[in-house]
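I opened this entry to look up the pocket, the charge pairs and the surface charge, in that order.

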Amino acid sequence: REVSGNQNLITPAGYHSRIQSVLSDNGIATSLEDLRPISPLVVNWAEIDSYDLRYKQRETLESIVANERGYVCWPTGTGKSFLIGLICSLFPKARIVITTRHLDPLQDLYRNLCGIVPSVGIRTGSKKKLGHRVMCYSSGSLRNANPDDVDLLVADEVHELATDKMLEVFAQFRFNKMLGLSANYGDRFDGADFELEGVFGPLIANLSYGEGVKHGMIVPIDVMWQDMRMDRNPCLGLDGTPAMRHGIWRNNWRNAKIAENAREYPDEQVLITVKTVEHAVHLKRHLPEFQLCYSNMSDTDRDRYIRQGLISEDEPDMTPRRRESMKKSFERGELKKVIATTIWNRGVNFKKLQVLIRADASSSAIDDTQIPGRLSRTIEGKSGGTLIDYLDQFDDRLARKAKKRYSHYENKKWNQILPKKNV
């Protein structure tokens, strides 16, 4: 049908494909006149001829070249960091900014890129190495980047950047090529993926977990579900933090069961993931041979945990240097037994990790992708990863969360093994 009159629609550029599709589906013809001062970026495929590209990498790069804005969804462990390096090489004259939310992954990206392209800088709250063709910005420092000096903006783990603050910063990059990378697409519970589309455009490349396994990019994951039945519900009548504190973090019977499972793998590298330091120290009492990794612990909490016998007086203080040393040691496979808070839920490269125990009892489409993703990376001699999770039947709310995790794992086509009585 015909549309007449002076009608205007002001919208973020990323919605262009969606709007054009909706109009076409409704029989409305459109024409596009682009008045923006944008010059095509120089592409040199010869720059990456020396690389042995893996499955779908060339196809994904072609989609990135062909689209002004786009979202790339690849599973954790399939090489998104390497893909960023290829992008920086493929556009040899482009001024490129790379950003992500967390500092540790950003610094790892920076170090990796320094080995791939000749001019790489970084800007965070504490580091300033400016004036380079490729710049790594922490998301908190991105507002300091001048959009006029940027040709391409790449946001890694972009699903974490769908906040009002970051969307305001991204809005300043009006005439730039925009690319978002993540292992999650459409998984935000608040629906903010729609806002991300306005900035980064539609999905232009997608790789399923099963495809990655089939082509040797990542390893298969077996999920070993454990019963968690109790005679009484320790979080009955409680909500929120008190329910988690008594039902999960301080649940001595549950923590003892987790410790029992952890000790079934004496020779393998084992990582136990928790949400809070409080839960970590309660598990530590059962597993003194495991080391703790976390962001920070107040002196008051430390003194209380020592008095309660949860940690010893000689438990080392956690400093940024020690945390980084632990991460590198775990990556090399030298450190084998760790209880970690969310500090290791993303941005780590644990190729030798064989067993991951989810003690956190949480559930979200994002966490249920990112946390088990620590197991996915390949290395010679590694045929798969084992994820241990808990059904938590003693509480209906926790059991429903377990069922949600099961559903999310099923979407990844992971092999799930229930206790015999539950089959």
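How much space lies in the largest pocket? I read about 1,500 Å³, taking a pocket as an open set of points on a 1 Å grid over the protein atoms alone, where a 1.4 Å probe fits, with protein on both sides within 12 Å along at least five of seven lines, and lining residues as those with an atom within 4 Å of a point. The lining has 42 residues, and Thr 11, Pro 12, Ala 13, His 16 and Leu 32 are the closest to the centre. Helix α1 gives the largest share of this lining, five residues.

The model is predicted, so I noted that local features need pLDDT of at least 70 and side-chain atom pairs 80 or more, while totals for chains, interfaces and linings use all residues. Residues are numbered from 1 along each chain, and side-chain values use heavy atoms, without hydrogens and water.

Next I counted 28 salt bridges, each a side-chain nitrogen of Lys or Arg within 4 Å of a carboxyl oxygen of Asp or Glu. In one of them, Arg 111 pairs with Asp 108 at 2.4 Å between the closest N and O atoms.

Conventions
Grid points are joined across faces, edges and corners, and a volume is the space filled by probe spheres set on the points. Helices (H or I, at least four residues) and strands (E, at least two) are DSSP runs, numbered from the N terminus.
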